[in-house]
Amino acid sequence: MPTQPDIMHADSARNDLAEAVRLLQAGELVAFPTETVYGLGADAANPEAVAKIFAAKGRPADHPLIVHLAGAGYLESWARDIPPVAWELAEAFWPGPLTLILKRAPGVPHAVTGGQETVGVRVPSHPLALDLLRAYAQAGGGQNGMCGIAAPSANRFGRISPTDAAHVREELGAAVALVLDGGPCDVGIESTIVDLSRDDQTPRILRPGRITPEQIEAVIGVRPEIANAKKASVPRVSGSLDAHYAPRTPLRLVSWDDLITQAHEVHAAGQRCGVLVRRQLLFPAPHSFRRLPDEPDGFARHLYAALRELDQCGNDVILVEAIPGDAVWAAVADRLRRAACGSGAA
Ligand code: TXA
Ligand code: MG
């Protein structure tokens, strides 16, 4: 296994898919871009390869992984008793940022499902991810001819997901054999997760994302429930832990009206403060300052990179302008709430 990750640029990355496929088939880890965040991939049919993911991330072994597929045509190798709504959602949103939780097929390793009877699957839309998945399938896939790449976000457990190849290297260093560089991720936050495995057939959103409950309802005619993360012990979703997606610097969500006062208080205490806002700031610049678009998709696209930067410039606290309560901001609000909690400042 190489000791240094090899970051390639988009053009050469396409030419080097064969190397990525070879590494995956040899049971090694390959990080790759998706439209949401970068994933840390391994042959989902190879328990030893999957174990390397948990070791590299420092993730508890009972947290299940998402299996990435080249197309919905591969679904039946990984899931059984697939309900009609799953096919409808796959048709409407794949390739794209939607993960379906289904009953697992018999051959799916426990290492992938965290020992549960369900499996998470999605078809990502990033062109390089699709090229990789298709090349992998064409080369015969992984163990037992199964064609799925298990990939959590390519960050250390509980930390901010990477939305750029350089972030992956910062997070995981030499633990990953190869990093495919597909540039910055377009969506910027993790996929929406919908659980379709329940016996009562009620779809339930386990993690909000770019694809909204309204969009899902428009396709299947049923409004999905929104899981209460605190009550949802099974199936487990590590993204539902309160402390998640967290910078190391304490992060506080602060209303626009309180922002100036709090920033001044931090300064008065002789500390450095980073500020993340959506609007023009009309008070003297704090030590570091990032302004993100005042609409949810643009905000989400740049959020993790901005948090990473504010985390790395020696701030004692990060103040984030509180997010509107409307439904369109729900996924962003969810990530920021967990970032505040995980940073130990909420
Ligand atoms: O956008 C994404 O989904 C990214 C990219 C790389 O595809 N992946 C990602 O993976 O966010 P990860 O492992 O960081 O988060 C996946 C979430 C976890 O919270 C995990 O617990 C949940 O999906 N999950 C996976 N399989 C599950 C299952 N069978 N039941 C319930 N939750 C599951
Ligand atoms: Mg993650």
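The expected span of a helix is taken as 1.5 Å times one less than its number of residues. The model I am reading is predicted.

Entry 1, helix α11. I checked the length of α11 against that expectation. The helix runs over residues 296-312, has 17 residues, and reaches 24 Å from its first C-alpha to its last, close to the 24 Å expected. I then looked for a bend and found a kink of about 45° in α11, centred on Leu-303. Leu-303 is also among the buried residues of the helix. At the start of α11, I found a side-chain oxygen of Glu-295 within 3.1 Å of the backbone nitrogen of Asp-297. Beyond the other end, Gly-314 follows the helix with a positive phi, near 75°.

Which residues of α3 are buried? In this helix, residues 47-57, I listed Ala-49, Val-50, Ile-53, Phe-54, Ala-56 and Lys-57. Seen down the axis of α3, these buried residues fall within an arc of 165°, so they line one face of the helix. Glu-48 and Ala-55, on the other side of α3, are exposed. The cover over the buried residues includes β2 (39-43), α6 (110-113), β7 (149-150) and α8. I also examined both ends. The N-terminal end of α3 is capped by Asn-46, with a side-chain oxygen 3.0 Å from the backbone nitrogen of Glu-48. Just after the helix, Gly-58 has a positive phi of about 70°.

I repeated the burial check on residues 84-93 and found Ala-86, Leu-89, Ala-90 and Phe-93 buried. They cover an arc of only 100° around the axis, which puts them on the same side of α5. Pro-84 and Glu-91 are exposed on the face turned away from that buried side. Elements covering the buried residues of α5 include β5 (98-104) and α9 (213-220).

How many residues surround ligand 1? I recorded 27, the closest being Thr-36, Arg-59, His-68, Ser-191 and Arg-207. I then looked up polar distances. An oxygen atom of the ligand is 2.6 Å from an N or O atom in the side chain of His-68. For the side chain of Arg-59, the distance from an N or O atom to an oxygen atom of the ligand is 2.8 Å. A nitrogen atom of ligand 1 has a polar side-chain atom of Thr-118 at 3.0 Å.

Is Arg-278 buried or exposed? Buried means under 20% relative accessible area, and Arg-278, at 7%, therefore counts as buried. Its side chain makes a polar contact with the side chain of Asp-294 at 2.8 Å. The side chain of Arg-278 also reaches the backbone oxygen of Ala-322 at 2.8 Å. Leaving out residues up to four places away in sequence, I listed its contacts as Arg-291, Leu-292, Pro-293, Asp-294, Phe-299, Glu-321, Ala-322, Ile-323, Pro-324 and Trp-329.

Technical notes
Residues numbered from 1 in each chain as written. Chains lettered and ligands numbered in written order. Predicted model: local features only at pLDDT ≥ 70, side-chain atom pairs only at ≥ 80, totals over all residues. Heavy atoms only, no water. Helix = DSSP H or I, 4+ residues; strand = E, 2+ residues; numbered from the N terminus. Bend = angle between axes of the 7 residues up to and from the residue. Buried < 20%, exposed > 50% of the residue type's maximum accessible area, 1.4 Å probe, protein only. Polar contact = N/O pair within 3.5 Å; in protein donor to acceptor, adjacent residues only side chain to side chain. Arc of directions from axis to C-beta. Contact = heavy atoms within 4.5 Å. Near = heavy atom within 4 Å.
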